[in-house]
Amino acid sequence: MYAGRKHLETYRVSLMLTERCNLSCSHCWLDSGPDKTVSMATAEAFDYIDQAREIPTVKWISITGGEPFLFEDTLLKVISFAKKRGFYTECVTNCFWAQSEKKAEIILAKLKEAGLEVINISTDDFHQRQLPFERVLNCYKASQRLGVKTVIMCVVARSSRLTIGRVVGMLADGGIQVIGKDHRPNSPVSALAIESGFIPAGRAAKLPESKRVTDGASIKGPCHQILRDVSIAPSGKVFPCCSALGTDEAFAIGNAGRERLRLIIQKASRSPLFKVLMNQGPEGLYKKGVGRSRKEYVNRCDLCYAVMTDSEVFLSDHSGSKRQSNQQQKPPDDCSHRSHRDFFYQPGARKRPNKGGKRAGNHKFYSAMCF
């Protein structure tokens, strides 16, 4: 039985289906591109999903990359398998495959039938330098017609022309809710949109510092994603979050091909390092003198990555020799810590499959979100 602390509650496992991508975006912290060849085998993905099922708080399986739609057959099988195991599913894409609205609808219809709940669309100057925005529009229109819930992710630099405001305008849908902005939809919410600055990691580390922008969100407070939103690479290595820490294998907390995922997370949760992140956030490490100072940080994830990569703490001791405070800290009552998955579904709506293999209980898509 999973015995993690109550406030930890791992809720999502991301499977990086492949390191390969048809694009080579300059902001990509994973350094994905057409030259990458490493991918996750279908049987391995099935095994990781079964391991995730041993953690009762996990509700979501997310399929990421690279570009998972390069392996459409595998994507369909993995989503179908996850659905049968009782999980909600989402996948990330740049929409290269949506050459027309009709083709986009055909592909998405198959994925929806397999069990896809949410499609996460990446669109910004970085992507659209290599791919026409029309592909994004085709995918978006198809998802709306089919009732596939949609999240739009836009990463910006100081010189970006394609901001989230412009993306929403080009999609011509007044029902898109921009999280963290003053924008309010003119009709019931049809999709969520999120804008963030690029984190200077991976390929993005080569971008000039003058191009960085801050999200405007606070970098203070505990991290509510560390060990709650874990990712698994094609190698089987498990990373403590789905952010930039996954760019360096030194930050892997274990390998799900060799040890059960629940045990890996349990061990990591006892590390003084992760206790500081969970209770105080990256600023807690920063205040302890770990890492060098910068004038500003893009967001909390940027601060975390900067502190961790400028420190020997993580590399020298995963298990930790010092005991940090065990005081539990509940998430704030506002929505600042919540992911888009929290907005799509009522908390606690998911139940395990019954003996027939079907999910019990209903889930609800919010029409009135908490802002």
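User: Hi! Before we start, what does buried mean here?
Analyst: Hi! Buried means under 20% relative accessible area, and exposed means over 50%, with partly exposed in between. Keep in mind that this is a predicted model.

User: Thanks. So is Arg 203 buried or exposed?
Analyst: Arg 203 has 15% relative accessibility, so this residue counts as buried.

User: Which residue does Arg 203 form a salt bridge with?
Analyst: With Asp 31; their closest N and O atoms are 2.8 Å apart. The pair links distant parts of the chain, 172 residues apart. Asp 31 sits in the loop between strand E1 and helix H1, while Arg 203 is in the loop between strand E7 and strand E8. Asp 31 itself is partly exposed, at 33%.

User: How many salt bridges does the structure hold?
Analyst: There are 16.

User: Okay, on to helices. Where are Glu 105 and Arg 145?
Analyst: Glu 105 lies in helix H3 and Arg 145 in helix H5, 40 residues apart. Their side chains meet in a salt bridge, 3.0 Å from N to O. Glu 105 is partly exposed at 28%, and Arg 145 is partly exposed at 46%.

User: And what about Glu 296 and Arg 158?
Analyst: Those two side chains also form a salt bridge, at 3.9 Å from N to O. They are 138 residues apart, each in a loop: Glu 296 between helix H9 and helix H10, Arg 158 between strand E5 and helix H6. Arg 158 counts as exposed, because its relative accessibility is 52%.

User: Last one: which residues do shared partners join into one network?
Analyst: Asp 47, Glu 54, Arg 260 and Arg 262 are joined that way, through salt bridges.

Definitions and conventions:
Residues numbered from 1 in each chain as written. Predicted model: local features only at pLDDT ≥ 70, side-chain atom pairs only at ≥ 80, totals over all residues. Heavy atoms only, no water. Salt bridge = Lys/Arg side-chain N within 4 Å of Asp/Glu carboxyl O. Helix = DSSP H or I, 4+ residues; strand = E, 2+ residues; numbered from the N terminus. Buried < 20%, exposed > 50% of the residue type's maximum accessible area, 1.4 Å probe, protein only.
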